[in-house]
Amino acid sequence: MADKRILVTRSSMPPLEEYVAEIAPLWESHWLTNMGVKHQQLEADLKRYLGVDEIALFTNGHNALECVLEAMGLRGKVITTPFTFASTTHAIVRKGLEPVFADVREGDYTLDPEKIEELIDDETCAIVPVHVYGNLCDVDAIWDIAKRHHLKVIYDAAHAFGVRREGVSAASFGDASMFSFHATKVFNTIEGGAVCFRDANLKKLLEQWKNFGIMGPEDVEYVGGNAKMNEFCAAMGICNLRHVDDEIAKRRIVAERYWERLEGIPGVRLSRPAPGITPNYAYMPVVFEDECGTTRDEVFLALRERSIFSRKYFYPLVSDYACYRGRFDSSKTPVAQHVADRVLTLPMAADLPLDDVDRICDVIDELASR
Ligand code: T4K
């Protein structure tokens, strides 16, 4: 029986025959992982698509982020945002680094450059901003601060695949950018991720780390882990990449319907692309401000009663997670706290029918105008 639920997203998939044709050669070669031909092809395809010279593929975005933090040899404090998915902060902490949370901007919820500098001290080694929802950070201001203080900038670009600023890919900013290719992302390899980076010397280290530090059958230079993207995931990526521009174009139609329907409802704050940005329409965040006739939680429950499953990405703030209890003070990032308490990400997918968007907007409209 068909699933009538509307979920927060729905994985994009290529036609089955296309994927089957892509993986058929694996039955000939019996080469299923460890940087095989599909892995190599996806690397080349992504370099072209993202317009970068350097890329390394991984099992997922989280491992990619951990790996680049380690490969850069970072020690000390990292300035980052609490308004993100668990992965960003966990990667920093799991690599023995100390997160220091700076607040986000009102307009796009990305790290506020004006809040960074006051947090820098002698132990600060890096900044890890997040292009949250695909909203590009103020990359120029962040780069300027980082260069003045000799800090590395590693973007969590998990949400920003395909986003461009004045035609330049989100993959080109900072020292490195991590992308997630999880099933829920605009571009997916089922599970997967990548790091794009400037310094060509990082390539060897990243490739070593993801394969136990092995350089040759009798040569292990480094205490690495295992984070190799397998051939089936790479094949999925090769197929999905052929369709990603169409997928983004379809998402645009969905996003514009949401904006058209929700714009003008008092107290409903939408997140529109900034001038000069080519967006990817990854998420549909809506902030229900206090002057709205309804609240985030009310909308969440009303939709759920109708089998529509929105999500509170990203509530609570990472700094309020049980695993970090007592370590951070979220009142020091009031904008992030305000947004986390009021934001709801509505269902967004390339194939979301506009009738479903209308149903969702009807619910919000009705609640908000009571
Ligand atoms: N940094 C940031 C800022 C991130 O947002 C993420 C991941 C990362 C780093 C780490 O990247 P990865 O290591 O994951 O590559 C989901 C994703 O699992 C996660 O990748 C993503 N961020 C996060 C924002 O969302 P959950 O726990 O909310 O996923 P789940 O299982 O509840 O799925 C959400 C909806 O997606 C489902 O209701 C239906 C749909 N879905 C899900 C799956 C698993 C599909 O359509 N197909 C699927 O296969 O975390």
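How many bridges join β1 to strand β9, and do they run parallel or antiparallel?

Reply: This is a predicted model, in which local features need pLDDT of at least 70 and side-chain atom pairs count only at pLDDT 80 or more, while totals for chains, interfaces and linings use all residues. Residues are numbered from 1 along each chain as its sequence is written, and side-chain values use heavy atoms, with hydrogens and water left out.

β1 is joined to strand β9 (residues 193–197) by 4 bridges, and the two run antiparallel; strands here are DSSP runs of E of at least two residues, and helices are runs of H or I of at least four, both numbered from the N terminus. Within this pairing, Ala 56 stands opposite Val 195 in β9.

Both strands belong to an open sheet of 7 strands with mixed pairing, in the order β1-β9-β8-β5-β4-β2-β3, where two strands pair if DSSP finds at least two bridges between them. Its edge strands are β1 (55–58) and β3 (98–101), each of which pairs on one side only, and the twist averages 25° from one strand to the next.

Helix α2 (residues 37–50) packs on the sheet and touches β1 and β9, its direction making about 130° with that of β1; contact means heavy atoms within 4.5 Å, and angles run from 0 to 180 degrees between N-to-C directions of lines fitted to C-alpha atoms, for helices over the stretch in contact. Helix α3 (residues 61–71) also packs on the sheet, touching β1, β4 (124–128), β5 (152–156), β8 (176–180) and β9, and its direction makes about 160° with that of β8.
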